[in-house]
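Q: Could we go through this model together? I would like to begin with the ligand and then turn to the domains.

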Amino acid sequence: MLFEKIGTSGHEEVVFCHNPDAGLKAIIAIHNTVLGPALGGLRMWPYKTEQDALDDVLRLSRGMTYKAAVAGLNLGGGKGVLIGDPSKDKSEALFRALGRFIDSLGGRYITAEDVGIDVNDMEYVLKETDYVTGVHQVHGGSGDPSPFTAYGTLQGLLAALQQVHGNEDVGKYSFAVQGVGHVGMEFVKLLREQGAKVFVTDINKEAVQRAVDELGCEAVALDEIYDVDCDVYSPCALGGTVNLDTIPRLKAKIICGSANNQLATEECGDELENRGILYAPDYAVNAGGLMNVSIELEGYNRERAMRMMRTIYYNLGKIFTIAKRDGIPTYKAADRMGEERIAQMGKIKLPHMGKMAPRFLGRQRGNQ
Ligand code: NAD
C-alpha cells in the first residue's frame, strides 16, 4: 500500500529515520530530482499519528518540486518531518542523529528551516552534514529570507497588475493585506513607498499599530479584510483563506500574497477564474525564500539574490500566458509550467549536482 501511495504521488524515495536513543522519528521524502538535488525545509510538529506525518511530508515534498521547477531553479523537491513537540522534545542528540541520516543521502536531499525549527537547531544538523541551507551567516548562510520573499511578492504583484490593468503603477491601487508578520510588514513597506493605499489586519495588535503609526496604513478588523473595497487582496498570514465563503465577499480583482496554500481547494481556483479574479499562484509568488537559500549552494551573494527575485515577474508572466494558451485557470497553469520544465530538462539530462560551493563539496567537517 505504501508503494502504491508513493507511486501515485510520483515520489522517488522515502526514508524513515529512527534512533530511539536520540528520540528520533523522522521521515524524509524525496519527490523528484530531475532538475537537481531535492531541497526543502525540515518541519517539527507533534503529529497525532505517523500516518499524518507521512501524509504531510509527501504533500509538502511534492509541492517543493513544483515550486523549484517554476522558479527556474536547478533543484528538485524534498521535505523532512520530525515527529515531536518543538517546545519540549529538542536536543543536540536529536538533531545530530537526523543530520547523520541526511548526510547518508549524499546530497540527494538538502535541508533548511521550516515550521518548528530555528537556526540553532540547524547548527547541530550542520555538525553532521554539509547538506544544510538557511544556517547562520557566519557559516555562509543567507539569514532571514523574509525581505527577499516580500520583494519577490512585489515582483509577482507587478506582473499581475500588468496583466489586469496594463500598467505597474502600484501607487494607483489599493490593497488589503492579511498578516503583517515578517513578510507582510516588509511587503506593506514596499507598497507604501510607492504611495499605495493599504489596509491591514493581524491577530497581533502591536504589529497592526506599527503598520498604522510607522507606515501610514489603515487598520481593519480580522474578518473585515475580505470585504475591503480594494484592488488587490494579499494573503500574507495563513493558508486556506481563499475559500467558498470568502470569495463572494472579495471586491479585489487580483489575489497576490506570500502565504502558502492560499486556495482552500482547487474548486476555489476555478471559482476565481469564473468571477474574473486573477489569482497569482502562491508558490510562484512566494518563491523568494527558496531562491535565496538556493544561492547558498553556489556561495551566497546578496546582490545576486535580489536580482534573482526579479525572475518572479517573468515567471508569473509565463504562467498567465500558459493559462491563456490552454484556456485553464492560473493555478493549473503554474503546475503545467513546472511539469513542462521538468519534462524538457529531463530530456537533456542535466548533471545532478550542478555547480556548488566548497561547503557542499566534501568540506572537512568538525571545524565549524
Ligand atoms: P509570520 O509568522 O512572521 O507572519 C504571519 C503573521 O500573520 C503574524 O503576524 C500573525 O500574527 C498573523 N496571523 C496569524 N493568523 C492570522 C489571522 N487569522 N488573521 C490575520 N493575521 C494572522 O510569518 P511570515 O514569515 O511572515 O510568513 C507569512 C506567510 O508567508 C506564511 O504563510 C508563510 O508560510 C509564507 N511564506 C513565508 C516565507 C518567508 O520567507 N518568511 C517564504 C515563503 C512563504
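**Ligand and domains**

A: In this predicted model, an oxygen atom of the ligand is 2.9 Å from a polar backbone atom of Ala237.

Q: Which side chain has a polar atom 3.0 Å from an oxygen atom of the ligand?

A: That side chain belongs to Asn260.

Q: And what lies 3.4 Å from a nitrogen atom of the ligand?

A: An N or O atom in the side chain of Ser146 lies at that distance.

Q: How much of the ligand does the protein bury?

A: The protein buries 73% of the 820 Å² that the ligand exposes when taken alone.

Q: Which residues around the ligand come nearest?

A: There are 19 residues around the ligand, and the nearest are Thr149, His182, Val183, Asp202 and Ala237.

Q: Changing topic, how is the chain divided into domains?

A: The assignment gives domain 1 as 2-65 + 75-132 and domain 2 as 146-333. Six residues from domain 1 and six residues from domain 2 form the contact.

Q: What is the area buried between domain 1 and domain 2?

A: About 440 Å² is buried there, and carbon and sulfur atoms give 79% of this area.

Methods: Residues numbered from 1 in each chain as written. Predicted model: local features only at pLDDT ≥ 70, side-chain atom pairs only at ≥ 80, totals over all residues. Heavy atoms only, no water. Domains from an automatic or database assignment. Contact = heavy atoms within 4.5 Å. Buried area = accessible area lost by both parts, 1.4 Å probe. Near = heavy atom within 4 Å. Polar contact = N/O pair within 3.5 Å; in protein donor to acceptor, adjacent residues only side chain to side chain. Areas by Shrake-Rupley, 256 points an atom, 1.4 Å probe, with all protein chains shown as cover.
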